[in-house]
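Please keep the sequence and the model in view while reading.

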Amino acid sequence: MDEFTSLNAGLDALEIQKKTARNWRSKFSNFTYAIIAFVTLLVIWQVAIKISGVKSYILPSPKQVFSAMQTQWKSGILPHAIFRSFSRGVEGYALALLVATPLGLLLGLNKVLRMVIGPVLLGLQQLPSVAWVPAAIIWFGLSPATIFAVVLLGAVPSIANGLISGIDQIPPLYLKVASVLRANKWQRIRHFILPAAWPGYLAGLEQGWAFAWRSLMAAELIAVSPSLGLGVGQLLDVGRQLGDMSLVIGTIFVIMAIGIFVEKIFFSPLRKRTLRNRGLTQN
Amino acid sequence: MALENITRGFSVKDGLVLDRINLEVESGEFVAIVGASGCGKSTLLNVMCDLDRGYSGTFVKEQSASLMFQDSALLPWLTVLENVELPMSINGESKTSRREVAMDLLKKVNLEHSVHKRPHELSGGMRQRVAIARALAQKNKILLMDEPFGALDAITRDVLHDELSDIWLENKLTIVFVTHNVREAVRLGQRVLLMSSRPGTFIREWRVNLPEPRRIDSPEVALLAREITDELRKEIRRHG
């Protein structure tokens with residue numbers, strides 16, 4: 001065996017590609033580009049206002065927006081609204097996850113069920129979930145249930161369809177391995193189908209979050225009531241009612257920022273790790 | 001393991017894939033099967049591995065079998081170690097015992113330094129060694145191999161032949177090895193069976209009475225391989 005050990009060691013060393021250290025410089029420059037782009041946007045915005053002389057109730061300057069948001073932050077309204085919307089979003093999303101995952105799995109594995117429910121799910125995905133707001137208000141009144149219903153209807157189809165397409169794209173070879181290893185039905189799902197479908201599922205999860213967040217904003221914007229408290233969406237409506245354009249634009253930025261935050265902090269690392277682990281990255 | 005008059009067809013139009021296959025494999029034997037494309041080798045292995053039960057004829061075996069493919073078919077989301085542990089985890093073995101056995105098996109195929117790597121970080125030869133370890137982890141005494149080294153370069157393949165022979169002797173395995181490569185069949189098998197195409201059936205058999213360790217480039221291997229190749233070509237011409 002000694003002979004093989006040295007022979008294999010030599011072959012393995014020759015055949016394996018050397019790992020290149022991850023380049024911190026490229027990471028750094030990605031960040032710098034984002035900052036440069038953002039600053040450029042602010043400068044263009046400021047200059048455009050100066051040149052055109054547009055009234056600030058039509059389009060306020062970056063500085064005005066910033067100071068309006070600063071006031072909202074200091075008064076505690078903005079942090080509270082962000083917290084309320086974000087926690088609502090996360091709760092609604094978690095609920096959507098609990099509904100969509102078994103649903104997607106069932107539809108991915110059962111062709112008959114898919115033929116029956118699949119088209120409905122596809123239709124729901126095409127429908128902007130904000131279209132459900134009037135119905136939800138009639139059913140649930142101006143309660144948190146209305147908002148959760150709309151978030152759920154926004155996120156569930158994306159997550160379920162992501163899982164279904166993930167299952168559809170599983171290479172048959174993995175399922176053959178499952179048979180060769182004599183996995184029972186449950187082991188097949190746990191050890192083969194779910195992990196193999198993970199990339200598609202993850203794509204669905206990402207899209208599901210984007211839809212959940214959008215639906216939440218739309219619901220908050222339409223369903224305004226003291227009983228629902230003040231979320232970011234409602235803040236947008238407050239801005240409109242007060243004719244405070246700085247607040248409106250500032251809130252739009254906040255909504256975008258939260259979306260970017262979740263993507264960068266949560267989904268992007270998850271996606272990168274998945275691709276890297278499975279050898280699906282370019283380098 | 002014995003197959004008697006195994007016949008398998010998938011549609012009337014295409015005719016039979018396997019036609020009255022008779023094969024008896026003794027415990028601890030290494031049988032190599034050679035045949036041109038479309039001779040139904042994979043169908044035969046599927047039958048032997050209980051993946052295909054749509055055949056007619058009788059098939060008895062005392063044990064269940066492991067199957068290896070040309071593609072290592074490792075699961076890319078698991079590390080090397082986890083891939084080898086998987087069969088044991090499916091069989092419900094405890095975490096500590098399966099880890100221990102997996103480490104032992106990986107040592108056996110000289111991969112103890114790569115246990116935490118992912119399959120994509122390995123070379124083709126290393127992946128096939130992991131696949132061997134995974135097949136051994138099923139703890140079946142019968143190992144079915146469907147052109148397992150077909151996609152490897154010649155240098156790596158030679159080393160793997162030596163390694164497989166060692167593993168076969170050490171673990172007293174029964175191996176059925178299907179290949180396109182006549183020399184490989186002679187290098188490894190105690191018996192070499194030649195299979196005809198469409199329908200697949202055995203047309204000739206050779207005993208390889210050469211002692212281990214054999215070398216694929218030895219004159220004895222070459223001589224027998226030549227004889228088998230001539231026979232194989234005759235069979236191929238028949239279809240032209």
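**Contact between the chains**

The contact takes 24 residues from chain A and 25 residues from chain B. The model is a predicted one. The points below begin with this contact and then turn to the helices, domains, core and individual residues.

- On the side of chain A that touches chain B, the elements giving two or more residues are α1 (2–15), α8 (172–180) and α9 (185–222) of chain A.
- With seven residues, α1(A) gives the most to that side of chain A.
- By residue type, the side of chain A that touches chain B divides into 13 nonpolar, seven polar and four charged residues.

**A residue after α11 of chain A**

- Arg278(A) is placed in the segment after α11 (245–277) of chain A.
- Leaving aside its neighbours within four places in sequence, Arg278(A) is in contact with Pro76(B), Trp77(B) and His120(B).
- Arg278(A) counts as partly exposed because it has 18 C-beta neighbours inside 10 Å, and a residue needs 20 or more to be buried.
- Between Arg278(A) and Ile147(A) there are 131 residues of separation in sequence and 38 Å in space, C-alpha to C-alpha.

**Two helices of chain A**

- How far apart are the end C-alpha atoms of helix α5 of chain A? They are 22 Å apart, which agrees with the span of 22 Å that its 16 residues (111–126) should have at 1.5 Å a residue.
- α5(A) bends by about 45° at Ile117(A), and a proline, Pro119(A), follows within four residues.
- Of the 16 residues of α5(A), the number buried is zero, so this helix lies largely in the open.
- In helix α10 (residues 232–242) of chain A, by contrast, Val232(A), Gly233(A), Gln234(A), Leu235(A), Leu236(A) and Gly239(A) are buried.
- Gly243(A) follows α10(A) and has a positive phi, near 65°.

**Domains of chain B**

- The domain assignment of chain B gives domain 1 (2–64 + 141–237) and domain 2 (74–139).
- Taken over C-alpha atoms, the centres of domain 1 of chain B and domain 2 of chain B are separated by 25 Å.
- The contact between these domains takes ten residues from domain 1 of chain B and eight residues from domain 2 of chain B.
- Which helix gives the most to the side of domain 1 of chain B that touches domain 2 of chain B? Helix α5 (residues 154–171) of chain B does, with five residues.
- The residues on that side of domain 1 of chain B divide into seven nonpolar, two polar and one charged.

**The largest nonpolar core**

- In soluble globular proteins, nonpolar side chains tend to be buried together.
- The largest nonpolar core in this model has 125 residues, and those with the most contacts inside it are Val151(A), Val34(B) and Leu144(B).
- This core draws at least three residues from each of domain 1 (2–64 + 141–237) and domain 2 (74–139) of chain B.
- Not counting residues up to four places away in sequence, Val151(A) touches Gly92(A), Ala96(A), Ala212(A), Ser215(A), Leu216(A) and Ala219(A).

**Loop residues of chain B**

- Asp50(B) has a positive phi of about 65° although it is not a glycine.
- Asp50(B) is placed in the loop between α1 (41–48) and β4 (56–60) of chain B, and it is partly exposed, with 15 other C-beta atoms within 10 Å.
- Glu147(B), also not a glycine, has a positive phi of about 45°.
- Glu147(B) is placed in the loop between β6 (142–146) and α5 of chain B. With 19 other C-beta atoms within 10 Å, Glu147(B) is partly exposed, since being buried requires 20 or more.
- Lys61(B) lies in the loop between β4 and β5 (65–68) of chain B, and it counts as partly exposed with 15 C-beta neighbours inside 10 Å.
- Lys61(B) is in contact with Met1(B) and Ile142(B), leaving aside its neighbours within four places in sequence.
- Lys61(B) and Glu24(B) are 37 residues apart in sequence and 9.8 Å apart in space, C-alpha to C-alpha.

Definitions and conventions
Residues numbered from 1 in each chain as written. Chains lettered and ligands numbered in written order. Predicted model: local features only at pLDDT ≥ 70, side-chain atom pairs only at ≥ 80, totals over all residues. Expected span 1.5 Å × (residues − 1). Bend = angle between axes of the 7 residues up to and from the residue. Buried ≥ 20, exposed ≤ 12 C-beta atoms within 10 Å, placed from the backbone. Domains from an automatic or database assignment. Contact = placed C-beta atoms within 7 Å. Nonpolar A, V, L, I, M, F, W, Y, C, P; charged D, E, K, R; others polar. Core = buried A, V, L, I, M, F, W, Y, C linked by C-beta atoms within 7 Å.
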